[in-house]
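Reader: I would like to learn how to read strand pairing and charged contacts in a model such as this one. Could we go through it together?

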Amino acid sequence: KVADPKQPTKIGPPTAKVRSAPQEALVKEPVYFDSSESKDWENLPCKSFVWDFGDNSPNVTTTTPTTTHPYAKPGAYPVTVRVTDKHGQTADAGLTQRVVDPRGSARLNQRIEDPAVFLNNDPPVSRPSQPVTMDSSES
């Protein structure tokens, strides 16, 4: 986040994050989606979450940052979540959810997981031209 020196009290948009488990699911296996690391400008939890599971099912709106969804067919599905903060501002996050057919799949015992990527910045809020340290060592 970067504070605007001309409007230092202006509330910025939220930050959206999403992850899934398992990252490669079997057909009809419920996939757990988690957007609990999404925060508003003041680092407080977001208030609503609109989930698009990428499989043409209806969008799901929740007031909690987690949900589950099973997939009927194998494939790679573009999942997005739109988070809304208490100020009505929104942000989006997404991932690709892989789903495999359990019948005859040699990958059953060798699920491939994407690496987890985490990026932290210090300070969390900065001004233009202020040095910011980016750290992805938790990845």
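Reader: Which residue stands opposite Ala 25?

Author: Two strands are said to pair if DSSP finds at least two bridges between them, and strands themselves are DSSP runs (E, at least two residues), numbered from the N terminus. In this predicted model, Ala 25 stands opposite Val 99 in strand 8, and three bridges join strand 2 to strand 8, the two running parallel.

Reader: How many strands form the open sheet, and in what order?

Author: Five strands form it, in the order 2-8-7-4-5, with mixed pairing. Strand 2 (24-26) and strand 5 (60-62) stand at the edges with a single partner strand each, so one side of each has no neighbour in the sheet. Neighbouring strands of this sheet are turned by 30° against each other on average, direction ignored, where the axes are lines fitted to C-alpha atoms and angles between N-to-C directions run from 0 to 180 degrees.

Reader: Before we turn to side chains, what should I know about the conventions?

Author: Residues are numbered from 1 along each chain as its sequence is written, and side-chain values use heavy atoms, with hydrogens and water left out. Because the model is predicted, local features need pLDDT of at least 70 and side-chain atom pairs count only at pLDDT 80 or more, whereas totals for chains, interfaces and linings use all residues.

Reader: How many salt bridges does the structure hold?

Author: A salt bridge is a side-chain nitrogen of Lys or Arg within 4 Å of a carboxyl oxygen of Asp or Glu, and the structure holds five. In one of them, Arg 82 meets Asp 92 with the closest N and O atoms 2.7 Å apart; Arg 82 lies in strand 7 and Asp 92 in strand 8, 10 residues apart.

Reader: Which residues are linked in a network of salt bridges?

Author: The network links Lys 17, Arg 19 and Glu 37. The side chains of Glu 37 and Lys 17 meet at 3.9 Å, N to O; Glu 37 lies in the loop between strand 3 (31-34) and strand 4 (48-52) and Lys 17 in the segment before strand 1 (19-21), so the pair ties together parts that are 20 residues apart in sequence.

How values were computed
Helices (H or I, at least four residues) and strands (E, at least two) are DSSP runs, numbered from the N terminus.
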